[in-house]
Amino acid sequence: MLSRHLPRVIALVMGLSLALPATGQWTEPAWESEAGLPSLSSPGSRAADGEEYRLGRAWLRQFRARAPEWQDPLAQAYVESLVSRLAPHSGLGGSELVVTLVDSHRLNAFAVPGGVIGVNAGLFAFAEQEAELVSVLAHELGHLAQRHYTRGRARAEQTQVPAMAAMLAGMLIAAAGGGDAGIGVAMGSQAAFIQDQLAYSRRYEQEADRVGLQVMAEAGYDPEAMASMFRAMQRLASLQGGTPPEFLLTHPLTESRISDTASRAAQLAGKGGREDLQYHLVRARALLAIHLRDPGQAATRLGQGAPPREAGRYLDALISAERGDTATALRRLDALARELPDLTLIPASAAELAFEAGHADDAIERSRRLLRLVPGHVPTTLILAEALLQRDPDEAWRLLRELAERRPEDHRVFALLTEAAGRSGREALGHLARAEHQQLTGRITDAIRQLGVARRVAEREGNNAATARIEQRYEAFLGYRETLEEFQ
């Protein structure tokens, strides 16, 4: 069966030792209660069956081990908020979707079975308006909602060719920055099969377009932005000749597809005109991440899109901080925050810059003030916890433990939780947190070894509660590895 060989192909291509658990589900750590069994197959959800969930989470861990991550909690929170706004209109409202950001200037986004959505920083650079970015996200949600992986897998099984396995492995390399090499893996010996499936693939793209257009309209965005985004991609592809944008390598674009999208967008009623200033601020962050060695380039590219004046001022503040002038950066951000009191991103950015400049007390004060207004804001909570590591490790532990329960797939939380445990004298739990971070980033062998250390420490401390949690996770981790060994 294809489903049996798919994990092996991915693992062999990647050269990693992460696999699907023998128990049939990914289990997540619970720091105060029994570990749960998260599922994307809640009533009314078409996101994924158990197999897709396991595959998607395995894929994500391997991807993290391979791809350069764009580590920007503020951008992460923004994209997650967009996905949360769009998902209910796609039929995925009850799903546990995970967003991963990629530190790449290439224009790309992707969806993986099990509810994983990836976005390159380069997509922000290309999309000058929020609705254009939303059109790509809505399209990817369309792929997930229409279960294109499952349907494609059934088609592949009928031909007795495990092409979907090779395609997903190739997608892993392509999304991680391998470009055409990934597509080469996907095509390879399966070229004839792929050619036979081309029209079928185009049908899937058309289905995802139609779902995406409806999602955009219902969420209050102008669906015509999808057609304009496709035209812009087509122009870029013609300019680049033989090296089209990565997005088009996995999402074939034709003139008839653009025409169909434009026609359907024009027929949709209730077009929205929403435009969020926050998008332009996040786009400024993306451009700076791409042009970190030459911040002036970021300012030039932002200006070419005629953004709101506030976005330019925001980027100027970030550039000042990059050049070491933290005082000017904070003064500019504080002025913007007074003018735009509803934009949480601005004071959160100020807290972040204060911490990065070594002003821990200022970062703590700013974070606490903001969290009183916006309780639970994840980026600000992360800043506060990291700053508290230097002042009050116990309080940092408490914040991060609660955050870990809310975000069991967020490896950044477990990295900080490891440090907080160590600084607050929770040695056994520190080793457990480190093991969780390792398994979330695709290092399952290291994670199992780390759990062994955690168990010895917990037994030495006489910490029965920690020992029980460690034993539970140890069994789950062994299941991941044992499943991989079945294919070797």
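## Basis of the model

The structure is a predicted model, in which local features need pLDDT of at least 70 and side-chain atom pairs count only at pLDDT 80 or more, while totals for chains, interfaces and linings use all residues. Residues are numbered from 1 along each chain as its sequence is written, and side-chain values use heavy atoms, with hydrogens and water left out.

## Overall make-up

The protein chain contains 24 helices and three strands. These elements are DSSP runs, numbered from the N terminus: helices are H or I runs of at least four residues, and strands are E runs of at least two.

## Nonpolar cores

A nonpolar core is a set of buried Ala, Val, Leu, Ile, Met, Phe, Trp, Tyr and Cys residues joined through side-chain atoms within 4.5 Å. The largest core has 121 residues, and Phe124, Leu133 and Met233 touch the most other members. Helix α5 (residues 130-145) supplies the largest share of this core, nine residues. A second, separate core of nine residues includes Leu60, Val102, Phe110 and Val116.

Apart from neighbours within four places in sequence, Leu133 is in contact with Tyr78, Leu82, Leu123, Phe124, Ala127 and Tyr279; contact means heavy atoms within 4.5 Å.

## Helix α18

Helix α18 (residues 360-373) has 14 residues and should span 20 Å at 1.5 Å a residue; its end C-alpha atoms are 20 Å apart, which agrees. The expected span is 1.5 Å times one less than the number of residues. Among the buried residues of α18 are Ala360, Ile364, Arg366 and Leu370. The buried residues of this helix pack against α16 (326-339), α17 (345-356) and α19 (378-388).

## Helices α20 and α21

The axes of helix α20 (residues 393-406) and helix α21 (residues 411-423) come within 9 Å and cross at roughly 145 degrees. Axes are lines fitted to C-alpha atoms, for helices over the stretch in contact, with angles from 0 to 180 degrees between N-to-C directions. The contact involves residues including Trp397 and Leu400 of α20 and Phe414 and Leu417 of α21.

## Residue Gln62

Gln62 lies in helix α2 (residues 50-66) and is buried, with a relative accessible area of 3%. Gln62 and Gly442 are 380 residues apart in sequence, yet 5.0 Å apart in space, C-alpha to C-alpha.

Terms used. Buried < 20%, exposed > 50% of the residue type's maximum accessible area, 1.4 Å probe, protein only.
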